[in-house]
Amino acid sequence: GKGKGKKGGKGKGKGDGGGDKPASRHMVPTALGLSFCAAFEELDGELCQPPIRAYMEKQCRQIAQGMLDKDDVVQENLKLFHNKFQAFRDRMGQLERFFVPKDQIDSMGYRGGGGGDSGFSSGNA
């Protein structure tokens, strides 16, 4: 009969197919990546949690079921994320401590003594 592929073929299934495979498929975040995560959690922890996406997925299902209007949902979410963006932007100065050059980190993990330019601007000139 007709099957999926040939026995012994070069499919993606288990077996001794080809070459070395990595021992793990886990991603290891860099220090910069961890800093971004910590900064996001501090400024708006809700963005880092599953419920915000689950809520949007629920709204999509409700649009598909005819319970909600797509344009209303889009406008609601644009307003929500625009407000989150503005609040995030207004608090950018609080991010400096997450992005400090290694040579300026003290034993507590923060830049000591003040001074210096981190490259961030809080918008206050």
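Reply: Phe40 counts as partly exposed, at 34% relative accessibility. The cut-offs are these: buried is under 20% relative accessible area, exposed is over 50%, and partly exposed lies in between (1.4 Å probe, protein chains only). Phe40 sits in helix 1. Helices here are DSSP runs of H or I with at least four residues, strands are runs of E with at least two, and both are numbered from the N terminus.

A word on the source. This is a predicted model, in which local features need pLDDT of at least 70 and side-chain atom pairs count only at pLDDT 80 or more, while totals for chains, interfaces and linings use all residues. Residues are numbered from 1 along each chain as its sequence is written, and side-chain values use heavy atoms, with hydrogens and water left out.

Start with the rings. The structure holds 2 aromatic pairs. One of them joins Phe40 and Phe88: the pair is tilted, with 4.9 Å centre to centre and 40° between the planes. By rule, rings of Phe, Tyr and Trp (its six-membered ring) pair if their centres lie within 6.5 Å; planes under 30 degrees apart count as stacked, over 60 as edge-to-face, and the rest as tilted. Phe88 is buried, with a relative accessible area of 14%, whereas Phe40 is partly exposed.

Leu32, Phe36, Phe40 and Leu47 make a nonpolar surface patch of about 340 Å². Patches take residues with over 30% relative accessible area and no salt bridge; like charges are joined within 9 Å, and nonpolar side chains (Val, Leu, Ile, Met, Phe, Trp, Tyr) within 5 Å. Areas come from the Shrake-Rupley method with a 1.4 Å probe, and for residues only the protein chains shown count as cover.

The largest nonpolar core has 6 residues: Ala39, Leu43, Phe88, Leu95, Phe98 and Phe99. Such a core is a set of buried Ala, Val, Leu, Ile, Met, Phe, Trp, Tyr and Cys residues joined through side-chain atoms within 4.5 Å. Leu95 touches Ala39, Leu43 and Phe88, leaving out residues up to four places away in sequence. Contact means heavy atoms within 4.5 Å.

Now the charges. Side chains of opposite charge can pair when their charged atoms come close. A salt bridge here needs a side-chain nitrogen of Lys or Arg within 4 Å of a carboxyl oxygen of Asp or Glu. The count comes to 4 salt bridges. One joins Arg97 and Glu42, at 2.4 Å from N to O. Arg97 lies in the segment after helix 3 and Glu42 in helix 1, so this bridge ties together parts that are 55 residues apart in sequence. Arg97 is partly exposed at 31%, and Glu42 is partly exposed at 34%.

Asp44 and Lys84 form another bridge, at 2.9 Å from N to O. It links distant parts too: Asp44 is in helix 1 and Lys84 in helix 3, 40 residues apart. Both Asp44 and Lys84 are buried. Glu46 joins them in a network of salt bridges.

Arg53 and Glu57 meet at 2.8 Å, N to O. They are 4 residues apart in helix 2, so about one helical turn separates them. Arg53 is exposed at 59%; Glu57 is partly exposed at 36%.

The protein has 3 helices and 0 strands. Buried residues make up 12% of its 125 residues. Among contacts with a separation of 6 or more, 53% join residues 24 or more positions apart.
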